[in-house]
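Please consult the sequence and the structure shown here while reading.

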Amino acid sequence: MCLIWLYYFEIQGKKMVVKVYGAASASVNRVLICLIEKGIEFETVPVDLNKGENRNPEYLNLQPFGVVPVIQDGDYTLYESRAIIRYFAEKYKFQGTDLHGKSNEERGQVEQWLEVEAQNYHPHVYNLAIHILFASVLGFAPDEKLIQESEEKLAKVLDIYEDRLAKSKYLAGDFFSLADLSHIPFIHYLVGAIKKEYMIRSRKRVSCWWDDISNRPSWKKVLQL
């Protein structure tokens, strides 16, 4: 019995460090922001996409689609960045920043705006990033028509955000949540390397919201990594 309890306390007392596999990317950064907000210790494990390390059998055993990121939390493995941030927000609900809200209604709003980010916002900003920033690296010519269409569609989404932010400080309510966090990495591209900052600055409330969330200590730490 003593040996059993000793083993139990050794396991319980062992400091587990989350491993984050990936390269410098928006999806990986989404996860890192969440971990820092929750005060979870982690280490990054580089995966060099240019060298095809994401196609190595060892990596495909973790992520069969060969994309980043992947996390290992003890013996638990999970991929897809939005699934990962949901997992940590729930598992460590009472640690660090509460990113899910305090009631079922707040949680519902967080989930709603996370879906808006994934389904309505992300596809358009992703197209801009791929065709403006990475087309030459990936070996194809930018599709100017797609760039224009994506910019127009993204503008309509941001108009809806402008209306929403007239009613609350953040997307899901008057609290910072996963819904806001999930936007940070790609808006960083949008106002920086993509050179479409006007899309944020031309909308007063969206601009104030961006200034707020982009100045969080968690994001500043990610930028220093």
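The model discussed here is a predicted one. Glutamate 90 is likewise partly exposed, its relative accessible area being 40%.

Arginine 107 and glutamate 90 form a salt bridge in which the closest N and O atoms lie 3.0 Å apart. Since arginine 107 belongs to helix α5 (residues 104–138) and glutamate 90 to helix α4 (residues 81–91), the pair ties together parts that are 17 residues apart in sequence. In general terms, side chains of opposite charge can pair when their charged atoms come close.

Lysine 196 counts as buried at 16% relative accessibility, and glutamate 151 is buried with a relative accessible area of 16%. The closest N and O atoms of the salt bridge between lysine 196 and glutamate 151 are 2.9 Å apart. Lysine 196 is located in the loop between α8 (184–191) and α9 (198–201), while glutamate 151 is part of helix α6 (residues 144–164), so this pair ties together parts that are 45 residues apart in sequence.

Glutamate 162 also counts as buried, at 12% relative accessibility, whereas arginine 205 is partly exposed with a relative accessible area of 40%. A salt bridge joins glutamate 162 to arginine 205, with 3.6 Å between the closest N and O atoms. Because glutamate 162 lies in helix α6 and arginine 205 in helix α10 (residues 204–214), parts that are 43 residues apart in sequence are tied together by the pair.

## Strand β1 and its neighbours

Strand β1 (residues 18–22) is mostly covered, with four of its five residues buried. Five bridges pair β1 with strand β2 (residues 42–46) in the parallel sense. Within this pairing, glutamate 43 in β2 is the bridge partner of lysine 19. Together with helix α2 (residues 26–38), β1 and β2 make a right-handed β-α-β unit.

How does β1 run relative to strand β3 (residues 70–73), parallel or antiparallel? The two strands run antiparallel and are joined by three bridges. Valine 70 in β3 is the bridge partner of tyrosine 21.

Notes:
Residues numbered from 1 in each chain as written. Predicted model: local features only at pLDDT ≥ 70, side-chain atom pairs only at ≥ 80, totals over all residues. Heavy atoms only, no water. Buried < 20%, exposed > 50% of the residue type's maximum accessible area, 1.4 Å probe, protein only. Pairing = 2+ DSSP bridges. Right-handed = clockwise from strand over helix to strand, strands pointing away. Salt bridge = Lys/Arg side-chain N within 4 Å of Asp/Glu carboxyl O.
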